[in-house]
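Keep the sequence and the 3D view open beside you as you read.

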Amino acid sequence: MRAHRAGASLVVLVELGDEEKLSSSLRDLLVRVDRPDPLAVLNRHLDSRGVPDFSTSHATSWVRIWAATATMGEIEEVARRTFTACREAGYEGEIEDWLGKALESGEAAPPEDLELVKGRPRAILLATSLMEGVPVEHLAVGVDLLLSQVAFPHDETPLLDRPGFQEELRLCGIETRFERRAYFTRAGRARMLRSAFWDAHPRLHTSFGQWVDTLIADRSLSPVDRDRIAQRWAEQTLRIADLDALFPRVEEWSRQRRWTAPQAAVLLTSVLRHERYGWNGRQFIYSKSKNTTLASGFGQVLVAVCAQELAATHPGQAVVRLHLLARNKDAAAADAARAELATLTTAHPLYLRLLVRVCDRLRENCHKPSWDHGTDRDLLWDLTSPDRLNGVLRERSGRTAVEWRLKSGLGALFQRERAQTRTYAARWIGSGRRLMEVLLAASVSAGTLPTLYTSGLRWADGTATSEQRELHRADGELLVRMVDAAEGLDGREPPVADTSTPDGTPRKEHG
C-alpha cells in the first residue's frame with residue numbers, strides 16, 4: 001500500500017543494516033517498512049464485515065493494550081469474533097460490548113490455569129503466553145528452556161514414552177494454525193496468563209528475564225517472533241515498574257550480537273511509548289548519547305530509535321540526542337546520526353534548532369585546545385548551504401538572532417581553523433550581500449580578514465562562462481571593498497566585532 005501511494009513501479013527489500021551499501025541516490029528513496037497500525041487493521045476488518053461504529057481514535061484502553069502486541073492473524077480472528085457477537089445480538093448494543101465479548105476482557109484467567117495445572121503443563125501455558133504465534137517446534141524448545149531456567153526437576157521418562165506435544169497443547173487449550181504456529185484457542189488469553197504468572201511469581205522475574213535472553217539470542221526464531229517476545233516481556237516488565245531489568249538489556253542485546261539489536265530497539269521503543277515511563281526512556285537516551293565511546297551496535301540502536309520513534313513525538317529532543325550521537329567515536333553510529341539529522345532537519349523549525357545548537361557549541365568550546373570540534377564543524381557545513389541560509393535570512397522573525405549565532409559560531413571556527421575562512425568564502429561569495437556580511441563579521445572576530453581579502457581577490461569558478469566570470473569577478477571585488485571598509489581603508493572607522501547577544505536570541509537548551 002505504501003509503495004502504491006509513493007507511485008513506485010519496483011520495490012526492492014533491503015536487509016536492516018545494509019542501507020549504507022546503497023548509493024546516495026538510492027538511499028534517498030528508502031522507505032522504512034514498519035508494523036501496520038493494528039487499530040487501523042482492525043478497523044478495516046470490521047468494516048469489511050459490516051460491523052458498525054468502531055473508531056480507532058475512541059478505542060478503549062483495553063483494546064489499545066491488546067492491539068499493541070497482537071499479530072495480524074489475531075486481529076483478524078478478533079474481528080471475526082466481534083462480527084459473530086454483533087450478529088448474535090441482532091446488531092443491538094455498542095461496539096464495546098461486542099469487542100469485549102470477543103476479547104473476553106472482563107474474564108480473569110481460569111482458575112485451573114494457575115491453581116490446578118502443575119508441572120510441565122503449567123510451563124507450557126507460561127511459555128505459550130509469551131511465545132504465542134511461533135512454530136510448534138520452537139515452542140517445544142522454549143518450554144524445555146523455561147523448565148531448565150526455573151530449575152524444574154529433570155524428567156527421566158524416555159522421550160518416546162512421553163505424551164505427544166500436540167496432545168499436551170490441546171489439553172492446555174492451544175491449537176496449531178497456519179505454518180504450524182501455536183495459538184490459544186481463545187483470543188486475549190495469552191495476555192491474561194502473562195499478567196497472572198508475573199503476579200503469581202515475583203521471585204521468578206529474574207529467571208523469566210534470563211529465559212527471554214536465551215530466546216532472543218536464538219536465531220532459529222524469526223526476527224518477527226523475537227520482536228514479539230521482546231515486546232511482550234517489556235510490557236510485563238513495565239507493568240511491574242522494573243526498569244532496572246529493562247534498560248541494561250537494551251545495552252546488552254545491542255552489543256552482544258548483531259541480530260539481537262533490533263529487539264533492543266523494541267525494548268527502548270516500548271519504554272518511550274509508555275504513558276508513565278516515556279520520560280525515563282528519553283532521559284536514558286540523553287544520558288547515553290553524551291558518551292562518545294558507545295559500542296557500535298548500541299549507538300546505532302539509539303540513533304534508530306531517536307529517528308523512528310522519538311522524532312515522531314518529541315522532534316526537538318530527537319535532534320538534541322542525534323547531535324550528541326553524531327560526536328560518537330564509532331564511525332558507523334556517528335555517520336548514521338548525521339544522516340538522520342539531515343533527514344529530520346528538512347523541517348524548518350528543527351533546522352533552526354540544530355543550527356543554533358551547532359553554532360553555540362562552536363562558540364563556547366572552540367577555544368579549548370582539547371575539544372574535538374570535528375563533528376560540529378562538519379555539521380555546520382551540512383547546514384549552511386547558501387540557498388537554505390538565504391531563505392532563513394529573508395525571514396523577519398528571528399533573523400537577527402540567527403545572524404548573530406552564525407557570526408559567532410563561524411568566528412570561533414575560523415579562529416580554530418584559519419583555512420575555513422577561505423573554504424566558506426569560496427562557498428558563499430556570489431550568494432548575496434547578507435551572507436558576505438556574516439562572513440565578514442566572522443572574519444573580523446577571528447582576526448582572519450587578510451585571508452578573506454585574498455579570497456576575494458582570487459575567487460573564480462573555473463567552470464563558468466565568460467559572462468559568469470565577469471559577474472563573479474564583481475562579487476569578489478565587492479568582498480574586497482567590504483574588507484577595506486572593515487579595516488578602515490575607505491576613510492571610515494573600522495567596525496568592532498559584535499559579541500553581545502541580541503534580543504530574541506533563543507535560550508540555550510540542554511536536551
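## A buried aspartate

Aspartate 360 is buried, because its relative accessible area is 4% (buried means under 20% relative accessible area, exposed over 50% and partly exposed in between, with a 1.4 Å probe and protein chains only). Aspartate 360 belongs to helix 20, residues 348-365 (helices are DSSP runs of H or I with at least four residues, strands are runs of E with at least two, and both are numbered from the N terminus). The side chain of aspartate 360 makes a polar contact of 2.9 Å with the side chain of arginine 363. A polar contact is a pair of N or O atoms within 3.5 Å; within protein, one must be able to donate a hydrogen and the other to accept it, and residues adjacent in sequence count only if both atoms are side-chain atoms.

Keep in mind that this is a predicted model, where local features need pLDDT of at least 70, side-chain atom pairs count only at pLDDT 80 or more, and totals for chains, interfaces and linings use all residues. Residues are numbered from 1 along each chain as its sequence is written, and side-chain values use heavy atoms, with hydrogens and water left out.

## The two sides of helix 3

Which residues of helix 3 are buried? In this helix, residues 38-48, they are Pro38, Leu39, Val41, Leu42 and Leu46. They lie on the same side of helix 3 because they cover an arc of only 155° around the axis (the arc is that of the directions from the helix axis to the C-beta atoms). Asp47 and Ser48, on the other side of helix 3, are exposed.

Now look at the ends. Aspartate 37 caps the N-terminal end of helix 3, with a side-chain oxygen 3.0 Å from the backbone nitrogen of leucine 39. After helix 3 comes glycine 50, which has a positive phi, near 75°.

## Salt bridges

Side chains of opposite charge can pair when their charged atoms come close. How many salt bridges does the structure hold? There are 27 (a salt bridge is a side-chain nitrogen of Lys or Arg within 4 Å of a carboxyl oxygen of Asp or Glu). One of them pairs arginine 120 with aspartate 144, with the closest N and O atoms 3.3 Å apart. Arginine 120 is in helix 8 (residues 119-131) and aspartate 144 in helix 9 (residues 136-149), so this pair ties together parts that are 24 residues apart in sequence. Arginine 120 counts as partly exposed because its relative accessibility is 21%, and aspartate 144 is partly exposed too, at 41%.

Another salt bridge joins glutamate 235 and arginine 194 (3.6 Å, N to O). Glutamate 235 sits in helix 13 (residues 223-239) and arginine 194 in helix 11, so the pair ties together parts that are 41 residues apart in sequence. Are these two residues buried or exposed? Both glutamate 235 and arginine 194 are buried.

Arginine 377 is partly exposed, with a relative accessible area of 24%, and aspartate 378 is partly exposed at 28%. Salt bridges that share partners join Arg338, Arg377, Asp378, Asp382 and Glu417 into one network.
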